[in-house]
Amino acid sequence: MEQKIREVLAEIKPECMSYNGDNLCGDLGIDSHDIFNVVMNLETAFEIEIEPIYMRMENFMSIGKIEAMIREIQQKA
C-alpha cells in the first residue's frame, strides 16, 4: 500500500517517492490544491471514497497517516 500511495503522491510531487518525513505539506510545499488532486487520485487508485470527515490536514501529513486513513476507510466499507 505504501508504494501505491507514494506513486499517487509522486504524480503531484516527484520527491514523494523518497520522502520519509512527517510533514509533507511543510517539507515539500504541498498545498490545498495539491491535496485535492491527491484525494481524487487516491480514490481512484484504492477504489474508495474519501468523505469530508477525513479531509483534515493531519490525515495528509505523512505517508503513514495517509495509509492509516485509507485502511480506516476500507474497514468501514
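User: Where does Ile35 lie?

Analyst: Ile35 lies in helix α3, where a helix is a DSSP run of H or I with at least four residues, a strand is a run of E with at least two, and both are numbered from the N terminus. Please keep in mind that this is a predicted model, in which local features need pLDDT of at least 70 and side-chain atom pairs count only at pLDDT 80 or more, while totals for chains, interfaces and linings use all residues. Residues are numbered from 1 along each chain as its sequence is written, and side-chain values use heavy atoms, with hydrogens and water left out.

User: Why is Ile35 called buried?

Analyst: Ile35 has a relative accessible area of 11%, and the word buried is used under 20%, exposed over 50%, and partly exposed in between, with a 1.4 Å probe and protein chains only. The value for Ile35 therefore falls in the buried class.

User: Which residues does Ile35 touch, not counting residues up to four places away in sequence?

Analyst: Ile35 touches Ile30, Met57 and Phe60 on that count, where contact means heavy atoms within 4.5 Å. A separate value concerns Ile35 and Ile12, which are 23 residues apart along the chain and whose C-alpha atoms are separated by 9.0 Å.

User: What makes Met17 count as partly exposed?

Analyst: Met17, which is found in the loop between α1 and α2, has 37% relative accessibility, and because this value lies between the two cut-offs, Met17 counts as partly exposed. Leaving aside neighbours within four places in sequence, Met17 is in contact with Gln3, Arg6, Glu7 and Ala10. Met17 and Glu2 are 15 residues apart in sequence, and their C-alpha atoms are 9.9 Å apart in space.

User: How do you know that Glu47 counts as exposed?

Analyst: The relative accessibility of Glu47 is 75%, which is over the cut-off, so Glu47 counts as exposed. Glu47 lies in the loop between α3 and α4, and although Glu47 is not a glycine, it has a positive phi of about 55°.

User: Why is Tyr54 called buried?

Analyst: Tyr54 is found in the loop between α3 and α4, and its relative accessible area is 7%, so the word buried applies to Tyr54. Not counting residues up to four places away in sequence, Tyr54 touches Asn59, Phe60, Met69, Glu72, Ile73 and Lys76.

User: What makes Ser62 buried?

Analyst: Ser62 has a relative accessible area of 10%, and because this is under the cut-off, Ser62 is buried. Ser62 is found in the loop between α3 and α4, and its contacts, leaving aside neighbours within four places in sequence, are Gly21, Asp22 and Leu24.

User: Why are α1 and α3 oblique to each other?

Analyst: The two helices pack at an angle of about 140°, with their axes 9 Å apart; such axes are lines fitted to C-alpha atoms, for helices over the stretch in contact, and the angles run from 0 to 180 degrees between N-to-C directions. Angles under 35 degrees count as roughly parallel, over 145 as roughly antiparallel, 65 to 115 as roughly perpendicular and the rest as oblique, and α1 and α3 are therefore oblique to each other. In this pair, Lys4, Ile5, Val8 and Leu9 in α1 meet Val38, Asn41, Leu42, Ala45 and Phe46 in α3.

User: Why are α1 and α4 roughly perpendicular to each other?

Analyst: The axes of α1 and α4 cross at roughly 110° and come within 10 Å, and because that angle belongs to the perpendicular range, α1 and α4 are described as roughly perpendicular to each other. Here Glu2, Ile5, Arg6 and Leu9 in α1 meet Ile63, Ile66, Glu67 and Ile70 in α4.

User: Which residues in α1 are buried?

Analyst: Ile5, Arg6, Val8, Leu9 and Ala10 in α1 are buried, and what covers the buried residues of α1 includes α2, α3 and α4.

User: How many residues has the largest nonpolar core?

Analyst: The largest nonpolar core has 22 residues, and Leu42 and Ile66 are those with the most contacts inside it. The elements that give two or more residues to this core are α1 (2-10), α2 (24-28), α3 (32-46) and α4 (63-76). The name is used for a set of buried Ala, Val, Leu, Ile, Met, Phe, Trp, Tyr and Cys residues joined through side-chain atoms within 4.5 Å. Not counting residues up to four places away in sequence, Leu42 touches Ile5, Val8, Glu47, Ile48, Ile50, Phe60, Ile66 and Ile70.
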